[in-house]
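These are my notebook entries on a structure that is new to me. I set down each point as I looked it up.

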Amino acid sequence: MSLNQILLSAAVLVIFSFLGVGLSRRFRRRSLRSRITLGILFTGGIAVGFLAIYAINSTVNITNLLSNRLETSVQLLAEEQLVNTVNTEAAQADLSFDQIEGDILELAAHWSALIKEQEKLGQGTYWDARTALTQSAGGQRGNSTDDVSSVYVPAKVALSEEALNDLNTSAYLDFSAPSALASNASLLAVYAIDTRGATRYYPNINLASLVPPDFDPTERPYYKITAPLFNPTRAARWSIPYVDATGGGLVVTVAAPVYDGELFKGILAADMQLTTITSQIEQIKIGQTGYAFMVDDAGRIISMPPAGYKLFDINPAQVNSEEYFKITVLGAGQPELIEITNRMAAGGNGLIVLPVNGVDTYLAFAPVRSNGYSVAIVVPVAELQTAIVTAQNETQAQILSAARLAALILAILFVAAFLISLRISGRISAPIVSLTETANRIVQGDLRARASATPGDEIGALAHAFNTMTSRLSETLTGLEQRVADRTSDLTAANQQIEQRAAQLETIARVAQAIGSTRDLDTLLPQITIAISRQFGFYHVGIFLLDQHREYAVLSAANSAGGKQMLANIHKLKVGETGIVGYVTGSGKPRVALNTGADAVFFNNPYLPETRSEIALPLRTGVEIIGALDVQSEEPNAFGEQDVNILTILADQVSVAIQNARLYEETQRALAESETLSRQLAHAGWQEFSKGRKLLGIRHSGARATLLYAQKNGQATEQVGLKAEEAASKPRGTSIALPIKLRGETIGSVEVRAPGNRRWDPDEMDIVSAIIERAALTLENARFLEESQKRAAKERTIGEIASKISAHSAIEELIKTAALELSRTLPGAEVAIQFKKDTESE
């Protein structure tokens, strides 16, 4: 933990300590003076604490800001230095490669120019292949070691006149190729290869004696990548690195194509030692442990120190010193490193920080533009940022000194604040102590005690308010008992109303239950009147329903003795005219007569002479009025607002019950009619089916099935099925006869005899009944199918006859066709078509 964090934690601890003291139960039990003293200290401590926090936080922020800026500046400077170094090294390597590439391109252009002058130069004036070349035992041809260049012609190549002229022309490279070779110490050899494989090699090493007779230079990789197939842009191409067979170390070949106009003539190439480049890379030192490495565009290692192998998780002990250049770093190492090597192979540049064995490490890389190689420098971040560590140590020392001084100042301020707060608390607490003593006297029952008020300050105002409160308290105690009695009376009345309301709601539920238990209208309506009368205590409840013409409201149910007499007399009232019921059924509005003697609409019914108040409510189904609910009481003013509301709810429930009962009756009536019609149709259908078939039934015994048909004399005859025997055995055993019913209509019967004299058990009876029931449905479906087929055949025949008739336009042909088709349809029938003639009397 840093010193800044320690000081900040101390300030926060002081603040929370004061908060704990202020909020603790023990603090609340202290004397007023102690609390005022601690309160002043608490307030001052909070202020000083927050000020300290602000000061410390500001100091930390400023310090961190300056440290961050210093760190950023040092980091940017180190990164810039690292990027500049890697770019410089890559540029130097690129300069070397580019210089050699330029020399080779220049020699290739020179050879192209010589080819254009081949007509003159190919005569052999300078060097003549006809006399200079000798053939070896293997068939290849070579020249003397005394010549400037070494010539090799493969054994398979025939020395035509054109080939000899090409060799004579290329001999003029002797004037330029040696100087290019001498000007660059990294070059091992320069050579020209034509399309036949004939090679001119600098320096003269007697090439024909070193290579096998069938050696074909055109099959070498550097030749193929430079040829037009893989090099349509005619650019110089670099081969992959390889170890020189003559001991030249790691070598790379650069080749340039040679054209005569659009005709490819061969390549001019040079072998370059990479020793100079790799030595230059190995000498790069950044920091204490930093190093550099180089890879080609395929990630193959050109130069790599042992630390670099560890970076890519490659064991240096397992790397052959002569095969290291065949190892590629693509895909090796951690994921961030894999991404960087892919970017290096693609020719990218950049700088990243990645962890290497838990240490943040810079990796800067830059491309060698001429041949796709890439140079990278690896160095730990800490080795380039030592200035940051020094600056941070100096900053911590300065903060420590400032913290000590701040702690001393805070201690002095705390002591001074304690002394001042102790003096102030004594001045403030004295009047409050006196007021507390007066309050204690009042608590003990002395309501005449009064506090001594000090005018002009808040404590004096508090004493005056305290005295006023004491006077009002005395007055309040005097009238408290009366107010308690009044409130108790109000609560009792409210409870009674609530209980009455609950009872009424329970009554509604019971009446609704009674209404919902019956669906028959004749039974339902009397039950409704009895339930309402019993639950609400009204002596007469009647239900009026409108007649079919909606002219009269007819009494349909009543519970009282007078109401039953009215039912016997078919009591009815004119809609819209007679009595309260007539008014309600005519207007659709409820009507209440709290005093029947004073109500102008009230009808004085002789059967109900004791009525003193009456209420009638409309019965509705939707917007249609179907009747009225009439409730009468022997008491005047018997119906209050709550009674009207409850009876309105009951009227709505009665309306729904009446409507449901009517719908139920209509449904039952329609169902009965539907079942009767279905039985009639089934009976008629099977009567017609039996007449047409004359089939009385079927007898089945064992493996024999016999069809029974009716004879003319009414007796039954048997027709045996395909597997039945001629003679019928006599029935044996106990028999049962069950009807075959379809939709309640009996269409036949089934007689089953059991072997022996045993009785049929219930399970067997159930099985037989189930089979008969399903057989009846199957027979009905079969009959329907047969009738449908007959009807379809009839319709098809009629359609065919109609189509044939409509095919003729002449009346004679039409009549003939109609008669012919009728005779075919009705075989054996005589068909005659006549037209009626009307005769007029003259």
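Which residue forms a salt bridge with Arg 196, and how far apart are the closest N and O atoms? I began here, bearing in mind that the model is predicted.

**Entry 1: the salt bridges of Arg 196**

I found that Asp 194 forms the salt bridge with Arg 196, and that the closest N and O atoms are 3.5 Å apart. I then looked up a further partner: the side chain of Arg 196 also meets that of Asp 166 in a salt bridge, at 2.8 Å from N to O. This second pair links distant parts of the chain, since Arg 196 is in the loop between β4 and β5 while Asp 166 is in helix α6 (residues 161–170), 30 residues apart. I noted that Glu 162, Asp 166, Asp 194 and Arg 196 are linked in a network of salt bridges.

I next checked the accessibility of these residues. Asp 194 has a relative accessibility of 7% and therefore counts as buried, the cut-off being under 20%. Asp 166 is likewise buried, at 11%. Arg 196 is partly exposed, with a relative accessible area of 23%.

**Entry 2: a further salt bridge**

I recorded that the structure holds 11 salt bridges. One of the pairs I looked up joins the side chains of Asp 128 and Arg 130, at 3.1 Å from N to O. Asp 128 is buried, with a relative accessible area of 18%, whereas Arg 130 is partly exposed at 37%.

**Entry 3: strand β4 and its partners**

I turned to strand β4 (residues 187–194). Of its 8 residues, 7 are buried, so the strand is largely enclosed by the rest of the structure. I found that β4 runs antiparallel to strand β9 (residues 263–273) and is joined to that strand by 7 bridges. Within this pairing, Tyr 191 has Ala 269 of β9 as its bridge partner.

β4 also pairs with strand β5 (residues 199–202), in the antiparallel sense, over 4 bridges. Here Ile 193 stands opposite Thr 199 in β5. The two strands form a hairpin with 4 residues between them, and Gly 197 in the turn has a positive phi of about 100 degrees.

**Entry 4: the five-stranded sheet**

I looked up the order of an open sheet of 5 strands and read it as β11-β10-β14-β13-β12, with antiparallel pairing. β11 (301–303) and β12 (350–356) are at the edges with a single partner strand each, so one side of each has no neighbour in the sheet. The twist averages 30 degrees from one strand to the next.

Within the sheet, β13 (residues 359–368) and β14 (residues 373–380) pair in the antiparallel sense over 8 bridges. Ala 364 stands opposite Ile 377 in β14. I noted that helix α12 (residues 335–345) packs on the sheet and touches β10 (291–295), β12, β13 and β14. The direction of α12 makes about 15 degrees with that of β13.

**Entry 5: two threonines**

Is Thr 226 buried or exposed? I found that Thr 226 is buried, with a relative accessible area of 0%. This residue is in helix α9 (residues 221–226). Beyond four places away in sequence, the residues that Thr 226 touches include Asn 231, Arg 237, Pro 257, Phe 264 and Ile 267.

Thr 72 lies in helix α3 (residues 32–116) and counts as partly exposed at 39% relative accessibility.

Technical notes: Residues are numbered from 1 along each chain as its sequence is written. This is a predicted model: local features need pLDDT of at least 70, side-chain atom pairs count only at pLDDT 80 or more; totals for chains, interfaces and linings use all residues. Side-chain values use heavy atoms; hydrogens and water are left out. Two strands pair if DSSP finds at least two bridges between them. Axes are lines fitted to C-alpha atoms, for helices over the stretch in contact, and angles run from 0 to 180 degrees between N-to-C directions. Contact means heavy atoms within 4.5 Å. Buried means under 20% relative accessible area, exposed over 50%, partly exposed in between (1.4 Å probe, protein chains only). A salt bridge is a side-chain nitrogen of Lys or Arg within 4 Å of a carboxyl oxygen of Asp or Glu.
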